[in-house]
2 protein chains.
Amino acid sequence: MAKESEEMDKLRKIREGDVRTASRLIRNLEDDLPEAKSAIKRIFPHTGRAHVIGLTGSPGAGKSTLVDALISSFRKKERTVGVLAVDPTSPFTGGAILGDRIRMQRHAEDPGVFVRSLATRGALGGLSKAVGDAVHVLDVMGKEIIMVETVGTGQQEVEIINHSHTVIVVLVPGMGDEIQAIKAGIMEIADIFVINKADRDGATQLYSELTAMLNMAPEFTGGWRLPIIRTGNVFDSGPFGESMEELAVAIAEHYRRLVEKDLLGDRMRRKTLVEINEALRDAILEPILKDLTESGEMDRIAGRLLRKEPDPYTIAEEVARRCLK
Amino acid sequence: MAKESEEMDKLRKIREGDVRTASRLIRNLEDDLPEAKSAIKRIFPHTGRAHVIGLTGSPGAGKSTLVDALISSFRKKERTVGVLAVDPTSPFTGGAILGDRIRMQRHAEDPGVFVRSLATRGALGGLSKAVGDAVHVLDVMGKEIIMVETVGTGQQEVEIINHSHTVIVVLVPGMGDEIQAIKAGIMEIADIFVINKADRDGATQLYSELTAMLNMAPEFTGGWRLPIIRTGNVFDSGPFGESMEELAVAIAEHYRRLVEKDLLGDRMRRKTLVEINEALRDAILEPILKDLTESGEMDRIAGRLLRKEPDPYTIAEEVARRCLK
């Protein structure tokens with residue numbers, strides 16, 4: 001009973017925007033603690049009010065600088081802002097502190113802004129689950145705009161980005177041939193393209209290529225004319241000085257369209273399917289893996305496989321027969 | 001019985017290095033067909049002879065150019081070579097053809113070289129499973145050196161790279177602050193660092209930083225003095241004209257050390273644990289997800305969650321109670 005009222009107290013504090021309680025819960029999510037899960041169960045019914053914006057792009061594309069400029073832009077309009085800087089490199093380091101992200105801390109004194117880095121050491125898929133849950137925490141804190149920033153190329157990053165309503169893909173000129181494939185790959189998830197460092201060589205070519213690609217594949221965009229915003233020198237009054245405003249307008253327009261065309265439900269559904277997939281992994285596969293590891297059977301399995309007795313699929317089927325009804 | 005002998009015939013053809021049979025099996029692995037799984041069960045006992053080399057790095061780091069140069073270098077020593085160019089962007093596009101990778105096709109006429117792009121549309125983790133299995137196919141074909149090339153930052157890429165014995169991390173100068181974190185993140189998996197495009201501004205600084213970082217964290221490297229090889233202008237007779245030979249020597253030395261110090265077993269074990277994890281996902285979680293989707297229950301779950309009835313974890317626990325013994 002004491003535990004129950006303590007939990008209710010924590011929920012109340014988070015709903016009042018208490019930074020310490022929210023930060024502690026996010027840390028517990030990173031560590032995948034059981035109490036974090038029960039907190040999310042309590043929080044979940046109160047979620048669903050924020051506009052969640054995902055930003056993804058290659059390392060060095062300048063995503064954090066953009067996020068920082070967007071925070072300022074939203075704050076001028078008196079919107080409250082939460083930011084999750086997601087660090088997929090963390091399985092090794094336990095979360096790196098990035099110079100770029102420290103810059104966002106200039107907003108640290110502003111109670112309308114809450115910025116957190118997020119990292120996990122957990123299993124594949126664990127980071128995406130932590131992101132989804134951390135978004136719920138920021139939502140319940142009352143942040144009206146939540147930005148999720150992550151390095152993006154692989155499928156895991158896509159799962160992370162799928163927790164968003166509006167996805168911004170940040171590109172930079174001069175990244176070589178391979179970026180072409182990545183551009184093609186992210187076509188399906190992008191709602192807004194940003195060409196950052198647009199004063200660099202190759203920006204015009206990148207803009208032309210991207211425009212051509214969008215014209216070739218209108219079926220991906222579902223009638224939404226994907227804006228391509230050129231940014232750079234964001235803190236200068238240079239040729240792209242107005243670009244942040246242009247980006248903020250594009251974001252607002254995309255959200256308005258989601259609401260007006262009744263598409264927000266589709267996005268929520270996509271978010272929901274990602275979440276239930278992760279929760280099922282957590283409830284079904286993780287306990288089996290934990291049990292195999294703790295009982296020492298995983299070691300025996302590894303030994304059998306090294307002796308080719310007989311192969312991974314046959315062993316996995318044996319385990320499945322034993323565990324599944 | 002006819003089926004049985006047909007299967008044995010395919011296995012024999014792959015062991016003789018038949019390109020068409022191997023290619024068809026790899027395509028079936030990409031599509032996650034049941035016949036691919038039974039083929040891998042047959043193949044698995046014959047695997048384990050190849051030296052598997054993983055190459056990872058940011059988009060635009062020039063990995064494919066390096067792989068191409070390494071193919072030539074290994075062929076001069078009359079080693080047979082297999083290459084898997086892994087494309088994690090493919091969940092959207094079904095596999096992009098990259099300009100870079102087409103270049104490797106100059107080896108297409110050489111029967112001692114087998115190059116394949118690999119992509120999957122499947123679930124999270126599906127790509128890594130396909131890579132592990134495709135490595136087995138190339139191994140059984142008799143390729144002595146197998147190179148696995150992938151864009152790497154997130155955890156999924158690490159799972160892909162963990163199918164290797166020797167991991168090469170390719171860096172380029174001038175990628176911004178964020179690369180610092182990635183460098184820290186990949187520390188634990190790298191066996192050899194390459195600084196490519198080493199004639200660019202910032203290469204000397206990157207080399208110094210990397211050296212300093214390696215000196216600071218010797219515990220990660222287990223006594224192996226991680227080589228940092230500077231490459232660039234690989235087809236010229238420029239300042240890095242000898243660098244490919246240097247890289248080939250470092251690769252051979254790393255493998256020799258694994259064998260001499262009896263560390264190959266550890267790497268095989270790491271590969272094995274990755275494989276059994278993926279096979280368990282395949283045998284346990286995938287059938288449950290398939291069943292929920294096909295029965296229409298996934299739709300009902302999504303509906304419940306959109307109405308906040310009650311939350312993803314509670315629903316996943318219900319499903320787990322119903323499915324697990």
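How are helix 12 of chain A and helix 12 of chain B oriented to each other: parallel, perpendicular, antiparallel or oblique? They are oblique to each other. The details follow.

## The model

This is a predicted model: local features need pLDDT of at least 70, side-chain atom pairs count only at pLDDT 80 or more, and totals for chains, interfaces and linings use all residues. Residues are numbered from 1 along each chain as its sequence is written, while chains are lettered from A and ligands numbered from 1 in the order in which they are written.

## Chain A in outline

Chain A has 14 helices and seven strands. Helices (H or I, at least four residues) and strands (E, at least two) are DSSP runs, numbered from the N terminus. Of its 325 residues, 49% count as buried. A residue is buried if 20 or more other C-beta atoms lie within 10 Å of its own, exposed if 12 or fewer, and partly exposed in between; the C-beta atoms are placed from the backbone.

Take the contacts in chain A with a separation of 6 or more: residues 24 or more positions apart account for 75% of them. Two residues are in contact if their C-beta atoms, placed from the backbone, lie within 7 Å.

## Where the two helices cross

Two packed helices are described by the angle between their axes and the distance between the axes. Helix 12 spans residues 264-294 in chain A and residues 264-294 in chain B. The two axes come within 11 Å and cross at roughly 140°. Axes are lines fitted to C-alpha atoms, for helices over the stretch in contact, and angles run from 0 to 180 degrees between N-to-C directions. Angles under 35 degrees count as roughly parallel, over 145 as roughly antiparallel, 65 to 115 as roughly perpendicular and the rest as oblique. The pair is therefore oblique.

Residues from both chains meet here. Chain A brings Asn277(A), Leu280(A), Arg281(A), Ile284(A), Leu285(A), Ile288(A) and Leu289(A). Chain B brings Leu280(B), Arg281(B), Ile284(B), Leu285(B), Ile288(B) and Leu289(B).

## Helix 2 of chain A

Helix 2 of chain A covers residues 19-30. At 1.5 Å a residue, its 12 residues should span 16 Å, and its end C-alpha atoms are 16 Å apart, which agrees. The expected span is 1.5 Å times one less than the number of residues.

The buried residues of this helix are Thr21(A), Ala22(A), Leu25(A), Ile26(A), Leu29(A) and Glu30(A). What covers them includes helix 1, helix 3, strand 3 and helix 7 of chain A. After the helix comes Asp32(A), with a positive phi near 55°.

## Backbone exceptions

Most residues other than glycine have a negative phi, and most peptide bonds are trans. Lys197(A) has a positive phi, near 55°. Lys197(A) sits in the loop between strand 6 and helix 10 of chain A. It is buried, with 23 other C-beta atoms within 10 Å. Glu78(B) also has a positive phi, about 60°. Its place is the loop between helix 4 and strand 2 of chain B. Glu78(B) is exposed, with 8 other C-beta atoms within 10 Å.

A cis peptide bond joins Glu309(A) and Pro310(A), with omega about -25°. Pro310(A) lies in the loop between helix 13 and helix 14 of chain A. In chain B, a cis bond links Glu309(B) and Pro310(B), with omega about -25°.
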